[in-house]
Amino acid sequence: MRRALPAVCLVLALALSSCAPQKRTASFFAMDTFMELTVYGEESVLDDTRALIERLEGELSVTDPDSEIRALNQNGTAELGEDARSLLERALEICALTGGALDITVYPVVRAWGFTVGEYRVPEPEEIAALLEKVDYTRISDLTLPEGFMVDLGAVAKGRASDEAVRIWGEAGVKSGLMSLGGSVYAMGTKPDGSRWRVGIRDPFSDGLLAAVEVEDRAVVTSGGYERYFEENGERYHHIIDPKTGYPARSGLASVTVIGGEGTLCDGLSTAFYVMGLERALELWRSARLEVEAVFVTEDGEITVTEGLEGSFEPLGDYKNAEIKVVGRG
Ligand code: ADP
Ligand code: MG
């Protein structure tokens with residue numbers, strides 16, 4: 001009996017390894033950012049995910065001459081497929097939820113600053129004032145735009161891409177995977193050994209990491225002024241625009257990370273919270289009972305996390321001994 005044990009173990013180990021899904025990875029450039037996928041499953045899942053992301057980009061891009069959103073912006077109305085229609089509807093809900101801190105009609109202003117194609121410039125105040133006349137998501141009805149209005153789903157597109165990718169991963173039988181679509185991360189299930197995924201949050205002031213969060217079935221989405229900006233006459237101008245002023249948001253935050261079950265919502269909220277600043281964002285988080293957690297980093301380097309992250313938020317490097325403020329729903 002004793003001598004049979006190693007043989008039994010060997011057979012068991014072989015049987016287990018043959019049915020354990022293999023780790024597969026892919027990385028590519030899409031939606032203007034670097035993307036990395038890790039799945040425990042079939043190789044075809046990676047190809048399907050990339051095809052899905054490229055399809056969404058083709059439909060939603062504001063610059064692609066063939067995109068549905070481009071057609072909508074040019075004509076005020078367009079034949080929209082299910083992807084564009086459902087994302088537009090969800091985005092409008094998040095615009096309303098955030099009182100217009102997220103406003104998908106801010107595009108004419110974003111474009112004037114040159115963020116769309118990277119031809120940066122500081123518009124004259126009169127130009128911004130005139131363009132702000134064309135910014136107000138509440139004027140969209142029946143997915144039709146008033147004259148001169150244009151929409152940009154860039155603030156929610158990567159989050160939606162992650163939600164759709166997780167859906168096809170589930171359909172393909174994947175139980176475990178991680179994707180990083182620029183600032184939008186989604187961790188599906190747990191790691192194959194059953195432990196939670198550790199997702200890094202970037203330090204907005206350096207190339208290093210600020211912290212790690214341990215998550216399972218969660219989107220982790222970060223917005224920050226450091227992601228895309230230009231400098232002119234010693235002034236720094238970044239790509240998140242306050243729809244009330246038409247200027248890059250100056251709310252005292254350096255970055256916001258939002259963690260929750262829906263990538264689209266987390267993506268929209270991370271942009272909106274960045275515009276709103278710490279106090280207003282927390283007020284909304286409490287009053288609307290938002291089912292997300294968040295990490296706020298102020299320009300002074302102070303870190304505030306919501307209480308649901310206690311036990312899963314771990315400061316790293318220079319931040320190991322930093323004071324972390326934990327806030328509750330109160
Ligand atoms: P990133 O795309 O860099 O991850 P965000 O998700 O925060 O960052 O989205 C920023 C993009 O959304 C900008 O590049 C711009 O196209 C658009 N945008 C900027 N400000 C707003 C805003 N207040 N509401 C909606 N969209 C915005
Ligand atoms: Mg966003």
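In the predicted model, helices α7 and α8 pass each other in a right-handed crossing. Helix α7 covers residues 157-171, and its axis comes within 7 Å of the axis of α8, with a crossing angle of roughly 165°. Because angles over 145 degrees count as roughly antiparallel, α7 is described as roughly antiparallel to α8. On the α7 side, the contact is made by Ala157, Lys158, Gly159, Arg160, Ser162 and Asp163, which meet Gly263, Thr264 and Asp267 of α8. Sorted by class, the residues of this contact are one nonpolar, four polar and four charged.

Helix α8 also packs against helix α4. In general, two packed helices are described by the angle between their axes and the distance between the axes. For α4 (residues 82-97) and α8 (residues 263-276), the axes come within 10 Å and the angle is roughly 45°. This angle makes α4 oblique to α8. The crossing of α4 with α8 is right-handed. Leu87, Arg90, Ile94 and Leu97 are the α4 residues in this contact, and they meet Thr264, Leu265, Gly268 and Leu269 in α8. Here the classes are five nonpolar, two polar and one charged. Thr264 takes part in the contact with α4 and also in the contact with α7.

In soluble globular proteins, nonpolar side chains tend to be buried together. The largest nonpolar core of this model has 82 residues, and Ile104, Leu153, Phe273 and Phe296 have the most contacts inside it. Helix α8 supplies the largest share of this core, with eight residues. When residues up to four places away in sequence are not counted, Phe273 touches Leu253, Val256, Val258, Ala281, Leu284, Leu290, Ala294 and Phe296.

Val220 lies in strand β7, which spans residues 218-224. The relative accessible area of Val220 is 2%, so this residue is buried, the cut-off being under 20%. With neighbours within four places in sequence left aside, Val220 is in contact with Gly183, Ser184, Val185, Val199, Val213, Val215, Thr257, Val258 and Ile259. Gly183 is 37 residues from Val220 along the chain, and the C-alpha atoms of the two are separated by 8.2 Å.

Terms used
Residues numbered from 1 in each chain as written. Chains lettered and ligands numbered in written order. Predicted model: local features only at pLDDT ≥ 70, side-chain atom pairs only at ≥ 80, totals over all residues. Heavy atoms only, no water. Axes fitted to C-alpha atoms, helices over the stretch in contact; angles between N-to-C directions. Helix = DSSP H or I, 4+ residues; strand = E, 2+ residues; numbered from the N terminus. Parallel < 35°, antiparallel > 145°, perpendicular 65-115°, else oblique. Left-handed = near helix turned anticlockwise from the far one by under 90°. Contact = heavy atoms within 4.5 Å. Nonpolar A, V, L, I, M, F, W, Y, C, P; charged D, E, K, R; others polar. Core = buried A, V, L, I, M, F, W, Y, C linked by side-chain atoms within 4.5 Å. Buried < 20%, exposed > 50% of the residue type's maximum accessible area, 1.4 Å probe, protein only.
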